[in-house]
Amino acid sequence: MSEFKVGDIITGKVAGIQGYGAFVALDDKTQGLVHISEIHHGFVKDVHDFLEVGQEVKVKILEINNENNKISLSIRATEEAPARAKQEPRKTQTSSTPDEGFNTLRDKLQEWVDKADK
């Protein structure tokens with residue numbers, strides 16, 4: 001594992017897929033895990049929607065834990081984040097007649113009683 005360094009971006013091959021992420025072979029002896037949260041910018045419900053076994057992927061090494069022989073990888077760190085859509089401010093709904101719209105219950109109560117009596 002000493003040939004790999006945190007921050008390296010390399011091409012690997014998806015070796016296996018689990019519900020929590022994908023194992024990527026970096027070479028013949030070394031594999032790392034791309035956690036489901038590091039597969040794609042945005043929500044990933046199912047890893048299979050984005051990856052398949054045997055697929056070549058570009059990954060960035062996020063962490064190397066020599067003690068546990070584990071390498072954490074990211075695919076999304078190799079991709080540019082999509083531009084966020086500019087959200088329009090919410091428009092408040094305006095009433096077509098002046099006596100409609102928001103009024104306190106006390107203000108409307110007499111009007112409702114009068115309508116009910118008719």
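The legends below describe close-up views of a predicted model.

**View 1. Overall arrangement of the predicted protein, with one helix and five strands.** Read from the N terminus, the elements follow the order β-β-β-β-β-α. Of the 118 residues in the protein, 24% count as buried, and the accessible surface comes to about 9,500 Å², of which carbon and sulfur atoms hold 48%.

**View 2. Strands 1, 2 and 3, joined by two hairpins.** Strand 1 and strand 2 are antiparallel and share five bridges, with two residues between them in the hairpin; in this pairing, Lys-13 is placed opposite Ala-25 of strand 2. Strand 2 also runs antiparallel to strand 3 (residues 31-35), again over five bridges, and the hairpin that joins strand 2 to strand 3 passes through five residues. Here Val-24 faces Gly-32 of strand 3 as its opposite residue.

**View 3. Strand 5 between its partners, strand 3 and strand 4.** The pairing of strand 3 with strand 5 is parallel and rests on two bridges, with Ser-72 in strand 5 as the bridge partner of Leu-33. Strand 4 and strand 5, by contrast, are antiparallel and connected by five bridges, and Asn-65 stands opposite Lys-70 of strand 5. Four residues lie between strand 4 and strand 5 in their hairpin, and Asn-69, which belongs to the turn, has a positive phi of about 55°.

**View 4. The largest nonpolar core, which has 18 residues.** Within this core, the residues with the most contacts are Leu-51, Val-59 and Leu-73. At least two core residues come from each of strand 1 (9-18), strand 2 (21-25), strand 4 (56-65) and strand 5 (70-74), and strand 4 gives the most, with three residues. When neighbours within four places in sequence are set aside, the contacts of Leu-51 are Val-14, Ile-17, Ala-22, Ile-39, Val-57 and Ile-75.

**View 5. The salt bridge between Glu-38 and Arg-76.** Glu-38 belongs to the loop between strand 3 and strand 4, whereas Arg-76 belongs to the loop between strand 5 and helix 1, so the pair ties together parts that are 38 residues apart in sequence. Glu-38 counts as buried because its relative accessibility is 18%, under the 20% limit for that class, while Arg-76, with a relative accessible area of 30%, is partly exposed.

**View 6. The salt bridge between Glu-111 and Lys-115 in helix 1.** The N to O distance in this salt bridge is 3.3 Å. Glu-111 and Lys-115 are about one helical turn from each other, because they are four residues apart in helix 1. Glu-111 is partly exposed at 29% relative accessibility, and Lys-115 is exposed at 54%.

**View 7. A nonpolar patch on the surface, formed by Leu-105, Leu-109, Trp-112 and Val-113.** Together these residues have about 400 Å² of accessible area. Trp-112 is placed in helix 1 (residues 105-117) and, with a relative accessible area of 42%, is partly exposed.

Key: Residues numbered from 1 in each chain as written. Predicted model: local features only at pLDDT ≥ 70, side-chain atom pairs only at ≥ 80, totals over all residues. Heavy atoms only, no water. Patch = residues over 30% accessible without salt bridge, like charges linked within 9 Å, V, L, I, M, F, W, Y side chains within 5 Å. Areas by Shrake-Rupley, 256 points an atom, 1.4 Å probe, with all protein chains shown as cover. Salt bridge = Lys/Arg side-chain N within 4 Å of Asp/Glu carboxyl O. Buried < 20%, exposed > 50% of the residue type's maximum accessible area, 1.4 Å probe, protein only. Core = buried A, V, L, I, M, F, W, Y, C linked by side-chain atoms within 4.5 Å. Contact = heavy atoms within 4.5 Å. Pairing = 2+ DSSP bridges.
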